[in-house]
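Please read them beside the model, point by point.

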Amino acid sequence: MTKRKDGLEGIDDGALKKRITSEKSDGRPWSELPMDLLGDISRKLNLVDNLAFGGVCRSWRMSALASEGDVNASQQPLVVLPSISADKVLSLYNIFEENTYQIELPTFASKDCCGLSTGYLVFQDRKGQDELWLINPITRHELKFPTPPTNISHATITSPTTPSDSSIVALSKDFVHLLFYRPSDDKWTIYKTPEPKCFYADIIVFKGQVYVLTCNGKIWNLRLQSDASLTLFAVCDNPVRCSTILRRFSFQYRPNVFLVASDNELMMVNFRVFTRPKIFKVDLETRKGVVTNSLGDKALFIADMSRALISNPTKWGGRNNCIYALDYYLNPIYVLSLEGKILQTLKDTGSSSCRKCTFYSSYWYFPNKCFHVDSLNEN
C-alpha cells in the first residue's frame, strides 16, 4: 500500500471524504442545518444565488421557498445575452440593477437555443443528430427528449410542476408544423396548420391546457390525451399580419403575434417595434379577443421566444403600463408606450445573427419560474 502523506493509511478516498465531511460538520449533514439558519442565509442572497441555493437539496429548497415572499421584490426578469465564443458560460443581465451574472453549464457548443419554458432553456443539435436537451440554468436540472423529425423554432413543456413527466410541444422552424411528444409515445406527432395559407405563431400552457396561436389571430386548444386533437378555442376580431424578415440571404417567416398568460388572463399581442401594438384579452366565456388599451400596474416583457406580464415593475425602478421589448435584430432594449412611442432605451445586448452563436438574439429569462422543478438532489 502506498504510504499517504496525511498518515491515514487503510482508508479509501470515499470513506475519507465522508469522514472529513462528518468531522467538519460535527456529524450533522448539510441538509439538516436548522431551518432558521437556512432562512437567514437565503434572505441575504441575491435572486440568482437564492435560486441556486434552493437547488442543493430538499431542505434547502424548502427554506428558499419559505423565503420566496421576502425575495419576491428582487425577482426581476433577466436578459439572456447572446455569446459567440463561450460554449459553457451563460450570461444573464439584470436591466434594473445593471449587473451581469455568469452561470457555468455543461457545454452547449454546436447547439442552438430554440425555446425557454418554465425556467428551462431548450437546446437542439444543429445537425439534428442529438436528443433535444433542456436545462434549468439555476437548478441545473436536465431533461431530454428524442430528436425531433425537423428543426424547431420554439418549444415548451406542458407540466411546469412535474417536468420529468411532461409532454413537449414545439413549432417547426418554418412555422408550418406543430409537433408534440408525450411520455407514452415512441415518436413525435406532427400536425400541419389547421387552415390553408396560414402559419403557426406561438404556443403556451395556460391553466393546464395547451393553446396554439395561428397568424390569422385564431387560438386553438391542443388536447394531448390518447386521442389528440386540435380544436378552435377563440378568435380575435381582426386578422393579424405576420412579418417576414431577411436572414442569411433568404426570406424566413417570423411571427409578430404572441400569446401571454398572467394569473387568470390569456392575451394575444400583435407587436412590432415602433408600431402601435394591439393587445387582446381573451374572454374565456365568449371565447373572443377584446382589445384593451391599458395594462394597469403591469408591464409586458416581450422577446422572440419569451413573454410575460409582470406586476408592478416600479418596485425595481421600472415602469408600469408599458412594453419592455427585446427585438430580434435591434440590439438595445426599448421601453415602449402602448402607443408604440419610445419611453426609454436601455443596454445594448449585443444581439447577433451569427450562425455560430447559440443564442442568436437576447431573450427574457424569468427566474421565479425556476422553483417549478420536481427532481432535486435529496442528499
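1. Buried here means under 20% relative accessible area, exposed over 50%, and partly exposed in between (1.4 Å probe, protein chains only). By that scale, phenylalanine 145 and tyrosine 181 are both buried.

2. This is a predicted model: local features need pLDDT of at least 70, side-chain atom pairs count only at pLDDT 80 or more, and totals for chains, interfaces and linings use all residues. Residues are numbered from 1 along each chain as its sequence is written, and side-chain values use heavy atoms, with hydrogens and water left out.

3. Strands are DSSP runs of E, at least two residues, numbered from the N terminus, and two of them pair if DSSP finds at least two bridges between them. An open sheet of 4 strands has the order S3-S2-S1-S27, and its pairing is antiparallel. At its edges are strand S3 (99-104) and strand S27 (363-365), each of which pairs on one side only. From one strand to the next the twist averages 35°, where axes are lines fitted to C-alpha atoms and angles run from 0 to 180 degrees between N-to-C directions.

4. S2 and S3 run antiparallel and are joined by 6 bridges. Leucine 92 stands opposite tyrosine 101 in S3. Valine 89 belongs to strand S2 (residues 89-94) and is partly exposed, at a relative accessible area of 29%.

5. Rings of Phe, Tyr and Trp (its six-membered ring) pair if their centres lie within 6.5 Å; planes under 30 degrees apart count as stacked, over 60 as edge-to-face and the rest as tilted. The count comes to 10 aromatic pairs. Phenylalanine 145 and tyrosine 181 form an edge-to-face pair, 6.5 Å centre to centre with 80° between the planes. Phenylalanine 145 lies in strand S7 (residues 142-145) and tyrosine 181 in strand S10 (residues 177-181), so the pair ties together parts 36 residues apart in sequence.

6. How are the rings of tyrosine 211 and phenylalanine 233 arranged? Their centres are 4.8 Å apart and their planes at 55°, so this pair is tilted. Tyrosine 211 is in strand S13 (residues 209-214) and phenylalanine 233 in strand S15 (residues 229-236), 22 residues apart. Tyrosine 211 is buried, with a relative accessible area of 7%; phenylalanine 233 is buried too, at 10%.

7. Phe96, Phe301, Trp316, Tyr324 and Trp364 are linked into a cluster by ring pairs.
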